[in-house]
Amino acid sequence: MDFGSNVALGFTTALQPFNLAIVAFGVTLGTLAGVLPGVGAITAISILLPLTFYMDPTSALIMLAGIYYGAQYGGSTTSILMNIPGTSTHAITCLDGYPLSKQGRAGPAMFIAGVTSFVGGSFAILLMMFLAPPIAEIALKFQSAEYVNVMVFGLVAASTLSAGSPLKGLAMVTFGVALGVVGIDLTSGVYRFNFGFLELSDGLNLVAVAMGLFGVAEILMNLMKGASAPFTIQSVKLRALLPTWSDIRQSTLPTVRASVIGAGCGILPGVGPTIASFMAYAAEKRVSKHPERFGRGAMEGIAAPEAANNAAAQAAFIPTLSLGVPGDAIGAVLLGALLLHGIAPGPSIVTEQAGLFWGLIGSFWIGNILLLILNIPLIGLWVNVLRIPYNALYPAMLFFICIGVYSINYNVFDIFIVVIFGIVGTVMLALEFPAAPLLLGFILGPMIEENLRRAMLVSRGDPSILIASPISAAFAIATVLVLLLSLRSTVRAALDRARRSESPPVSSP
Amino acid sequence: MRIAGFDAVDLAGGVLVFAGGCAVALGATAYPIGELTRMGPGYFPMVVGIALAVIGLALVFVSRTTATPLPEVRLKPAFAVFAGLIFWGLTIERFGLVPSTLGLVFLVSLAQDRPSFVMIAATAAFLIAFSIGVFIYALAIPIPAIRL
């Protein structure tokens with residue numbers, strides 16, 4: 001099929017009344033999840049995943065994806081008004097958003113955030129329409145060795161490029177791969193690490209693991225911090241929403257640059273919206289003639305990260321759908337949802353499931369336009385949502401976690417998996433380990449093992465097959481480079497600290 | 001808690017990761033390892049376990065020489081939340097949606113310093129009405145509202 005008829009197919013699919021309703025539902029919920037601090041897109045997606053079992057796979061993906069990119073819009077509101085990131089991808093928006101809010105310019109800030117989000121998202125969707133099919137074309141020729149390399153690169157990039165210690169990220173991604181081993185080994189039929197539980201034959205339940213790690217652990221960390229102090233929210237006058245000409249002029253070029261940076265980050269497997277927003281902000285600060293304005297209420301400081309995180313969130317669908325390698329933890333959950341619907345992730349989705357792929361793209365356009373309406377004229381609604389007390393919110397979230405997880409298999413066993421991973425996740429968060437790489441490792445681990453075993457079988461045990469083709473070699477080199485670069489700073493920091501602690505006369509232990 | 005010469009957060013993390021890696025590698029020996037050409041079910045977990053243990057050791061090594069104390073851990077919220085989840089799991093099939101949800105909301109609200117019974121009642125009432133309407137009537141999931 002040619003490009004035009006594919007696009008037409010996409011919009012016909014997306015404009016079906018049910019799909020139209022479901023994308024509206026998805027982006028509204030996504031905005032809600034984004035606005036509420038402590039409720040991320042991944043929590044919202046996991047809670048609603050069981051609902052999608054009643055839909056066809058296209059509608060299911062349209063709704064879940066809508067929650068994901070909807071949250072990229074909503075989170076900026078909380079950052080600007082309350083200096084608390086609605087989701088982690090909006091942490092950087094606080095830096096200039098809150099000062100603007102204190103100057104009484106929250107309205108224009110939210111207006112700019114909404115528009116730049118739309119621009120960034122649109123740029124990445126265009127990119128996806130033109131790039132995903134040819135990438136899938138190439139990926140169809142991938143052998144097992146190429147897949148192993150692409151996936152290992154994704155894992156290493158996701159774990160080491162995130163904020164915080166790269167070693168801890170690596171530890172979590174490896175732990176996730178280990179968890180993926182649980183269950184029946186498809187090659188030999190051996191039950192591995194099931195501790196005698198028949199319920200573990202098919203492996204750990206993805207949703208239960210995600211809910212424990214993200215949902216329960218985040219709620220607990222919030223409760224343990226005792227952050228029950230009532231939020232002070234500035235009232236927003238809708239009339240004061242329109243930005244000035246100088247706001248628009250200041251934001252235009254940063255938005256364009258940040259869209260490119262964000263989309264570039266999104267395409268790389270493992271590099272998600274959070275990193276994209278940090279990079280775009282840093283880039284703007286560097287090219288600015290007045291870098292001292294940043295952090296004191298510069299409009300570029302909102303335009304750049306907001307365009308970047310939306311571009312990255314949309315562009316992350318490129319590797320997720322055209323390679324079957326998720327761009328981040330949420331992409332991993334979306335692929336898990338496809339698997340539950342009986343669709344194997346991989347490049348064949350783009351060609352064999354054209355209705356799904358192009359329907360999703362059609363829904364992206366509709367969803368982004370809806371989000372523009374939801375987040376600018378209707379912003380007052382979301383500001384009111386912030387007045388819901390957390391003490392009423394978290395019991396409700398825990399209830400939805402319970403019923404959501406239970407209704408996947410109607411098995412109470414999964415609730416206890418949530419409890420166990422809630423404990424694991426809380427310990428991890430307390431010790432400053434990131435949770436997202438674990439989930440990525442958990443999803444990609446079994447795929448890596450399968451492809452690795454196949455590659456070794458083909459090459460009769462000769463490991464050089466892993467770097468034999470140009471694509472394999474390129475990804476292998478990229479993996480090693482990322483590892484060396486990220487660990488170099490860790491090792492240097494450790495050595496520095498060691499030297500510093502040696503030089504002053506230390507009292508004997 | 002402080003441990004002289006070590007970043008307690010990183011040290012604890014490193015030791016946990018190392019122990020986890022050793023456990024995975026040891027567990028893998030229970031399955032046939034095979035060889036590179038024909039990897040057995042134990043091969044991949046063995047490699048992953050060893051990698052995890054090595055990363056754990058590296059974390060311990062890097063953690064030396066700074067001193068961050070372990071964070072204060074408040075156990076009450078943890079007990080309340082997990083008690084609520086376990087209660088829901090244990091009662092949902094035997095007693096149905098209404099009693100298990102009431103218990104869940106009550107137990108997890110004990111995590112707060114001064115739980116408000118008005119808010120507990122309002123949250124529980126809303127959730128029960130919502131879930132009977134959406135889950136039991138609209139989606140028809142096979143859970144009874146109340147089973148005595």
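## Where the chains meet

In this predicted model, 61 residues of chain B are in contact with 64 residues of chain A. Putting the two chains together buries about 5,500 Å², and carbon and sulfur atoms account for 81% of that area. On the chain B side, Phe44(B), Phe82(B) and Leu85(B) lose the most area to chain A, and together they make up 12% of what that side buries.

What about charge pairing and polar links? The count of salt bridges between chain B and chain A is zero. Polar contacts do turn up, though: eight residue pairs across the interface, with both partners at pLDDT 80 or more.

## What chain B brings

Five helices of chain B give two or more residues each to the side touching chain A: α1 (8-28), α2 (43-63), α3 (75-95), α4 (97-109) and α5 (117-138). Which of them gives the most? That's α3(B), with eleven residues.

Sort that side of chain B by residue class and you get 44 nonpolar, twelve polar and five charged residues.

## A look at α3(B)

Just past the helix, Gly96(B) takes a positive phi of about 100°.

The buried residues are Pro77(B), Ala78(B), Ala80(B), Val81(B), Phe82(B), Gly84(B), Leu85(B), Trp88(B), Gly89(B), Thr91(B) and Ile92(B). Two of these names, Phe82(B) and Leu85(B), are also among the residues that lose the most area to chain A. And what do the buried residues of α3(B) pack against? From chain A there are α9 (206-225), α18 (390-409) and α19 (413-430), and from chain B itself there is α4.

## Over in chain A: α14(A)

Helix α14 of chain A covers residues 329-340, twelve in number. From first C-alpha to last, α14(A) reaches 17 Å, close to the 16 Å expected at 1.5 Å a residue.

Is α14(A) mostly covered or mostly open? Mostly covered, with ten of its twelve residues buried. The buried ones are Ala329(A), Ile330(A), Gly331(A), Ala332(A), Val333(A), Leu334(A), Leu335(A), Gly336(A), Ala337(A) and Leu338(A). Just after α14(A) comes a glycine with a positive phi: Gly342(A), at about 80°.

Key. Residues are numbered from 1 along each chain as its sequence is written. Chains are lettered from A and ligands numbered from 1 in the order in which they are written. This is a predicted model: local features need pLDDT of at least 70, side-chain atom pairs count only at pLDDT 80 or more; totals for chains, interfaces and linings use all residues. Side-chain values use heavy atoms; hydrogens and water are left out. Contact means heavy atoms within 4.5 Å. Buried area is the accessible area (1.4 Å probe) that two parts lose on being put together, summed over both. A salt bridge is a side-chain nitrogen of Lys or Arg within 4 Å of a carboxyl oxygen of Asp or Glu. A polar contact is a pair of N or O atoms within 3.5 Å; within protein, one must be able to donate a hydrogen and the other to accept it, and residues adjacent in sequence count only if both atoms are side-chain atoms. Helices (H or I, at least four residues) and strands (E, at least two) are DSSP runs, numbered from the N terminus. Ala, Val, Leu, Ile, Met, Phe, Trp, Tyr, Cys and Pro count as nonpolar, Asp, Glu, Lys and Arg as charged, and the others, Gly among them, as polar. Buried means under 20% relative accessible area, exposed over 50%, partly exposed in between (1.4 Å probe, protein chains only). The expected span of a helix is 1.5 Å times one less than its number of residues.
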